[in-house]
Amino acid sequence: MAKTIRNKYEKALSYETLMKAHMQSRKGKGYRKEIILFNLKQEEYIMWLYEQLKLCKYKHGKYITFYITEPKLRKIEKTKYIDRIVHRWYVNSFIEPYFVPQFINTSYACLKGKGMHKACLDVQKAMKHCKNIWGEYYILKMDIKKYFENIHKDILYEILQRKIKDKKILWLTKEIIYSNNGKTGLPIGNYTSQMYANIYLNELDQYVKHNLKCKYFFRYMDDGIILLKTKEKAKEILEAIQKFLKEKLKLELNQKTQIFKNKQGVNFCGYKINEYRLKIRDKGKRRLKKKIKSLKEKVAKGEITSKEAKLYLAGHLGYIKIADVKNLKEKLFY
């Protein structure tokens, strides 16, 4: 893989690649009003967008802000659909092919072939291995304080600029990164934000793996786990990580960060994991029960169809599937 990205913008930009990004962006959301209206004149809109990007006249739109409460209170900034097409094209053309291959194998969030399930199973496998070679060992569990809110845009741009040398890609990168207010914080609703968040913490991943030489390190977005032989070593690693985050990325670990013995197991990606058991956390069960009850009520009122409810729950069923549960599916659905 090339160390830098040069002369790729115009090669990647075409009516066809933008149309493909549109098709991907609308998948599973074709019922939404803004997408229905866009579809009515999609050829005209895509051609207009192509011209705007070709001439570097594209301007990112403003955001609609709202809040969600599940799984916790979060500020969501939603942009116009046409901007979401640009985000998809940008990630498809420049981020996935050139940045993702540089990530460590044990980074899992928002990556094809990875995800929460693989993260948990890999952590459990490593815990079994450490149990066999060390007997007792320690777990360093890290959680970054308000991660998306505290990503520093100038630092992020500097990281991207190291690899991107194409002036037009850098222009579009700036247009996206600085599209919302403030020097810190990425819009949680943006497709680009997920990838930017991974690129930002890849700096930490590389430091932990190559400088600190931590073999058993796993990260899912802002949650990280390191398995270590002694408590003293865990304390030493934690101190080094805190210093790196503060000096290089202007980030802090929150109060959830702690060191504990392996026999306690570890909470990661919604599961409670130990060497021989993987359970769904009680909080996750309560949230799932609440969602199923809500969907049942909507089906009864005719607001959604039974098929639509099942499609929505497909991801949740996968969440249950890998855990050690007895008849949980039946208890939840019947």
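**Exercise 1.** Work out how α4 and α5 are oriented to each other, oblique or roughly perpendicular.

*Solution.* α4 and α5 are oblique to each other. To see why, start with the angle: in this predicted model, the axes of α4 (residues 42-54) and α5 cross at roughly 60°. Angles of 65 to 115 degrees count as roughly perpendicular, so the pair falls into the oblique class. Next, take the distance: the two axes come within 11 Å.

Now find the residues that make the contact. From α4 they are Y45, I46, W48, L49 and L53, and from α5 they are I82, I85, V86 and W89. Finally, sort them by type: 9 are nonpolar, with no polar and no charged residues.

**Exercise 2.** Describe the packing of α3 against α5 by angle, distance and contact residues.

*Solution.* Begin with the geometry. Helix α3 covers residues 33-40 and α5 covers residues 81-98; their axes are 10 Å apart, at an angle of about 80°. The two helices are therefore roughly perpendicular to each other.

Move on to the contact itself. α3 brings E34, I35 and F38, while α5 brings Y81, I82, R84 and I85. Sorted by type, this contact has 5 nonpolar residues, no polar ones and 2 charged ones.

**Exercise 3.** Find out which residues have the most contacts inside the largest nonpolar core, and which element gives this core its largest share.

*Solution.* The core holds 72 residues, and those with the most contacts inside it are L53, W89, Y90, Y147, I226 and I241. Its largest share comes from α5, with 10 residues.

Leaving out residues up to four places away in sequence, I241 touches L140, M142, L204, V208, L212, I226 and L253. Another core, of 21 residues, lies apart from the largest one; Y108, M127, I139 and V266 are among its members. As background, nonpolar side chains tend to be buried together in soluble globular proteins.

**Exercise 4.** Decide whether M23 is buried, partly exposed or exposed.

*Solution.* First locate M23: it sits in helix α2 (residues 15-26). Then check the cut-offs: buried means under 20% relative accessible area and exposed means over 50%. At 33%, M23 therefore counts as partly exposed.

Key
Residues numbered from 1 in each chain as written. Predicted model: local features only at pLDDT ≥ 70, side-chain atom pairs only at ≥ 80, totals over all residues. Heavy atoms only, no water. Axes fitted to C-alpha atoms, helices over the stretch in contact; angles between N-to-C directions. Helix = DSSP H or I, 4+ residues; strand = E, 2+ residues; numbered from the N terminus. Parallel < 35°, antiparallel > 145°, perpendicular 65-115°, else oblique. Contact = heavy atoms within 4.5 Å. Nonpolar A, V, L, I, M, F, W, Y, C, P; charged D, E, K, R; others polar. Core = buried A, V, L, I, M, F, W, Y, C linked by side-chain atoms within 4.5 Å. Buried < 20%, exposed > 50% of the residue type's maximum accessible area, 1.4 Å probe, protein only.
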